[in-house]
Amino acid sequence: MNDSFIKNFRQIITLPVVVIAMGYFVDIYDLILFGVVRVESLMQLGLKGEELTSWGTFILNAQMSGMLIGGILWGILGDKKGRLSVLFASILLYSISNFLNGFITNVEQYAVLRFIAGVGLAGELGAGVTLVAEILPKHLRGYGIMSIASFGVLGVVMANLVANAFDWRNAYIIGGILGLALLILRFRVKESSMFCNQNEKCEVKRGDFFSLFKNKELFIKYIKAIVIGMPLWFVIGILVMFSPEFAKELNIQGQVKAGEALMYAYIGLAFGDFASGYLSQKLQSRKIAFLIFLVLSILSIAYYYELQNATLINFYFACFWLGLFSGYWAVFITMAAEQFGTNIRATVATTVPNFVRGSVVPITTSFIILKSYYGILNSALIVGGVVFLIAFIALYFTQETFHKDLDYIEL
């Protein structure tokens, strides 16, 4: 850690960064909680055997589908009405949905409320990252987003601790209460001056989501921004989320709990987000840092697959490595925010990470279909191979954004 980081620490850890980091912490808690309590909650609702996987996949996909829709909704509103309005409205929606999740009586209600929660959860990260990217100087914005991502992903650790200490229904209720309490802090955060200055220019078209598809250059840039992040959610959505099933196939010595696996993976993600963000600042390159972590992620998957007959501790250690080397989320969302103008930045920064999260739907669906033909291990390798190949190609053609000035608009 060099002196420049310590010197600039006070400039980085401002009120908006702290509040948004706390918001992302609650966001991750609520986002990942279903994965932690999936087996326990579905069993209490009367499901067993293969139903735990099939309904678990359906409910997870319902949540992620909600995030796809919410990503578009909140992104457009973030550019039209402001970054803060999205932070308020989205956290209110997902907090109420998670609170109500504690009172469900069947799996249909479970799926509906996870869908609604997904819509709400979609707004937190993109609006927060956009706000921080616009209020911090360009030589510090990477550090700011790194701090948000590193602290935020620890929400899964709290989700696992709460789920172990309380009934799964109470875990959802606690998540809802945390979100509502966070709204109080939001009142002290101010809107981005870049947005306010652009808002005064009536001729500027803001939040035009469809402009990303009308302009060939913007469209290609947008698609590349999405697919480079998909490997992370392959690792979390398949290898870690369904870790009990993988552990059984690998003959792990002991009972693997998804909540424990997710906790270790997200502890790794916290360290990885810090390391990748810091590395990108030192190298003054988002692309090189991203490339290094993609390669290391593949090596961690290879280690995961070599765990035949391993102990429970070694399996959880492998989950930590999966998370650590998938910890390029901070660099990924920074790159997405830096590639587009102020008038559609919130739209991009909100939709891109949520489209990546939503990629869990086709990824898990492909995995489930292939599983019946090739088995759990081979089907995951096939899906992961395709996802990583596409990401490497997209990254190669992605523009470096480290030194980019963000005070401009897309015409």
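Reader: Which residue forms a salt bridge with Asp-27?

Author: A salt bridge is a side-chain nitrogen of Lys or Arg within 4 Å of a carboxyl oxygen of Asp or Glu. Here, Asp-27 is paired with Arg-357, and their closest N and O atoms are 3.5 Å apart. Asp-27 belongs to helix α2 (residues 15-44) and Arg-357 to helix α18 (residues 345-358), so the pair ties together parts that are 330 residues apart in sequence. Helices (H or I, at least four residues) are DSSP runs, numbered from the N terminus.

This is a predicted model, in which local features need pLDDT of at least 70, side-chain atom pairs count only at pLDDT 80 or more, and totals for chains, interfaces and linings use all residues. Residues are numbered from 1 along each chain as its sequence is written, and side-chain values use heavy atoms, with hydrogens and water left out.

Reader: Are Asp-27 and Arg-357 buried or exposed?

Author: Buried means under 20% relative accessible area, exposed over 50%, and partly exposed in between (1.4 Å probe, protein chains only). Both Asp-27 and Arg-357 are buried.

Reader: How many salt bridges does a search of the whole structure find?

Author: The search finds six. One of them joins Arg-286 to Glu-338, with the closest N and O atoms 2.8 Å apart. Arg-286 lies in helix α15 (residues 286-305) and Glu-338 in helix α17 (residues 329-338), so this pair ties together parts 52 residues apart in sequence. Both Arg-286 and Glu-338 are buried.

Reader: Which residues do salt bridges that share partners join into one network?

Author: Asp-79, Arg-83, Glu-134 and Arg-345 are joined in this way.

How values were computed
Helices (H or I, at least four residues) and strands (E, at least two) are DSSP runs, numbered from the N terminus.
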